[in-house]
Amino acid sequence: MNQQNNNNYLDAVQTDVKPPFIIAIMRKLVPFSMIWISLVLMYGVVCMYTNAVGQDEFYRFIFFLRSPFVVVLNCIALLVSVFHSISWFNSVPKTIFSYHTDKKTKSYLFIVGLWLVTVFVSACLLLFILK
């Protein structure tokens with residue numbers, strides 16, 4: 001009887017479950033997508049600064065962004081960023097509420113709160129940019 005309880009306990013605590021292959025690839029792509037977005041933004045800032053000096057570098061930046069290869073890379077970076085934020089928002093409550101008994105309800109409320117803060121900050125930034 002004791003052996004059966006130990007086997008059930010080991011089955012419940014098993015942590016070596018491997019994620020699907022595409023999720024593992026997307027986790028590895030997160031740093032590369034963040035580096036790509038940072039480089040594109042830095043290139044845009046440099047082009048905007050040289051455009052203020054009097055050159056037409058900003059138009060080169062716009063044409064750079066319109067190329068199909070860059071559009072595809074930006075779409076991939078966006079998907080990887082959304083995946084990263086979803087997985088991060090889902091993992092934060094597991095570490096914060098690890099000792100509480102009513103963990104499931106607090107986890108959902110915390111995840112919804114994180115998404116609401118993200119949407120609110122994004123809307124404020126959008127309104128600030130559009131002014």
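Helices (H or I, at least four residues) and strands (E, at least two) are DSSP runs, numbered from the N terminus. With that in hand, the protein chain here has five helices and zero strands, and its pattern along the sequence reads α-α-α-α-α. This is a predicted model, in which local features need pLDDT of at least 70 and side-chain atom pairs count only at pLDDT 80 or more, while totals for chains, interfaces and linings use all residues. Residues are numbered from 1 along each chain as its sequence is written, and side-chain values use heavy atoms, with hydrogens and water left out.

**The chain as a whole**

- Of the 131 residues of the protein chain, 16% count as buried (buried means under 20% relative accessible area, exposed over 50%, and partly exposed in between, with a 1.4 Å probe and protein chains only).
- The accessible surface of the protein chain comes to about 11,000 Å², and 72% of that belongs to carbon and sulfur atoms (accessible areas come from the Shrake-Rupley method with a 1.4 Å probe; for residues, only the protein chains shown count as cover).
- Take the contacts between residues at least 6 apart in sequence: 48% of them join residues at least 24 apart (contact means heavy atoms within 4.5 Å).

**Aromatic rings**

- A pair of aromatic rings is described by the distance of the centres and the angle of the planes.
- Rings of Phe, Tyr and Trp (its six-membered ring) pair if their centres lie within 6.5 Å; planes under 30 degrees apart count as stacked, over 60 as edge-to-face and the rest as tilted.
- By this rule the count comes to six aromatic pairs.
- One of them is the tilted pair of Phe58 and Phe61, with 6.0 Å from centre to centre and 40 degrees between the planes.
- Both Phe58 and Phe61 sit in helix 3 (residues 57–66), three residues apart, which is about one turn of the helix.
- Phe58 has 27% relative accessibility, so Phe58 counts as partly exposed.
- Phe61 counts as buried because its relative accessibility is 10%.
- For Phe89 and Trp115, the ring centres are 4.8 Å apart and the planes stand at 85 degrees, so this pair is edge-to-face.
- That pair links distant parts of the chain: Phe89 belongs to helix 4 (residues 68–96) and Trp115 to helix 5 (residues 103–130), 26 residues apart.
- Phe89 is buried because its relative accessible area is 8%, whereas Trp115, at 32%, is partly exposed.
- Phe58 and Phe61 also belong to one aromatic cluster, together with Trp36, Tyr43 and Phe64.

**Helix 4 from end to end**

- Helix 4 has 29 residues and reaches 42 Å from its first C-alpha to its last, close to the 42 Å expected at 1.5 Å a residue (the expected span of a helix is 1.5 Å times one less than its number of residues).
- Several residues of helix 4 are buried, including Val70, Phe83, Phe89 and Pro93.

- A salt bridge is a side-chain nitrogen of Lys or Arg within 4 Å of a carboxyl oxygen of Asp or Glu.
- By this rule the count comes to one salt bridge, and the side chains that meet in it are those of Glu57 and Arg60 (2.8 Å, N to O).
- Glu57 and Arg60 both lie in helix 3, three residues apart, about one turn of the helix.
- Glu57 has 18% relative accessibility and therefore counts as buried, while Arg60, at 53%, counts as exposed.
- Once neighbours within four places in sequence are left aside, Glu57 is in contact with Cys47, Thr50 and Asn51.

**A nonpolar patch on the surface**

- Phe21, Ile22, Ile25, Leu29 and Phe32 form a nonpolar patch on the surface, with about 530 Å² of accessible area together.
- Patches are made of residues with over 30% relative accessible area and no salt bridge: like charges are joined within 9 Å, and nonpolar side chains (Val, Leu, Ile, Met, Phe, Trp, Tyr) within 5 Å.
- Phe21 is found in helix 2 (residues 21–53), and Phe21 is exposed because its relative accessible area is 66%.

**A look at Ser107**

- Ser107 has its place in helix 5, and with 14% relative accessibility Ser107 counts as buried.
- Leaving aside its neighbours within four places in sequence, Ser107 is in contact with Pro93 and Phe97.
- The C-alpha atoms of Ser107 and Asn90 are separated by 8.1 Å, and these residues are 17 apart along the chain.
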